[in-house]
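Q: Please take a close look at one part of this structure and describe the surroundings of a single residue. Then connect that part to the rest of the chain.

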Amino acid sequence: EDGSILANPRRTYVSPPGHGFLPRETAWHHQEHVVPLIKEALAEARLKPSDLTCVAYTRGPGMGAPLRSVAVAARAFALKWNL
């Protein structure tokens, strides 16, 4: 209610030495970690899906494949939780 951040868990992608961020591998990383991160965030915030009123995600700037991965996950959770 007061704008406080209740949870902010992270799983940072670390690219292989000598490489930059690779869109496909970064997207796979996002896909692998999104569900556990959402579960962790809800637990840390002491919330359940029924306490939520919306699902938000970062739309950009960034690489298309990772952003699409998270957009799909956000839409799926919003649909699953009727938000």
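A: This is a predicted model. The protein chain contains 2 helices and 0 strands. Its C-alpha atoms fill a box of roughly 45 × 20 × 20 Å, taken along the principal axes. Of the 83 residues, 24% count as buried.

The residue to look at is T26, which lies in helix α1, a helix made of residues 23-45. Is T26 buried or exposed? The relative accessible area of T26 is 5%. The cut-off for buried is under 20%, so T26 is buried.

Which residues does T26 touch, leaving aside those up to four places away in sequence? They are Y13, F21, M63 and P66. N8 gives a distance for reference: N8 and T26 are 18 residues apart along the chain, and their C-alpha atoms are separated by 19 Å.

The structure holds 2 aromatic pairs. In one of them, the ring centres of Y13 and F21 are 5.7 Å apart and the planes meet at 45°, so this pair is tilted. Y13 is itself buried, because its relative accessible area is 14%. The rings of F77 and W81 also form a pair, with centres 4.9 Å apart and planes at 40°, so that pair is tilted. Both F77 and W81 are buried.

Side chains of opposite charge can pair when their charged atoms come close. A search of the whole structure finds 2 salt bridges. One of them joins E40 and R11, with the closest N and O atoms 2.4 Å apart. This pair links distant parts of the chain: E40 is in helix α1, R11 is in the segment before α1, and the two are 29 residues apart. E40 has 29% relative accessibility, so E40 counts as partly exposed. R11 is partly exposed as well, with a relative accessible area of 34%.

The other salt bridge is formed by K48 and D51, and here the closest N and O atoms are 3.7 Å apart. K48 is partly exposed at a relative accessible area of 47%, and D51 is partly exposed at 38%.

For the chain as a whole, contacts can be sorted by separation in sequence. Among contacts between residues at least 6 apart, 64% join residues at least 24 apart. The accessible surface comes to about 6,400 Å², and 57% of it belongs to carbon and sulfur atoms. The chain has 10 positive and 7 negative charges, and the mean positions of the two sets are 8 Å apart.

Key:
Residues numbered from 1 in each chain as written. Predicted model: local features only at pLDDT ≥ 70, side-chain atom pairs only at ≥ 80, totals over all residues. Heavy atoms only, no water. Helix = DSSP H or I, 4+ residues; strand = E, 2+ residues; numbered from the N terminus. Buried < 20%, exposed > 50% of the residue type's maximum accessible area, 1.4 Å probe, protein only. Contact = heavy atoms within 4.5 Å. Areas by Shrake-Rupley, 256 points an atom, 1.4 Å probe, with all protein chains shown as cover. Lys, Arg positive; Asp, Glu negative; His and termini not counted. Charge placed at Lys NZ, Arg CZ, Asp CG, Glu CD. Phe/Tyr/Trp six-rings, centres within 6.5 Å; stacked < 30°, edge-to-face > 60°. Salt bridge = Lys/Arg side-chain N within 4 Å of Asp/Glu carboxyl O.
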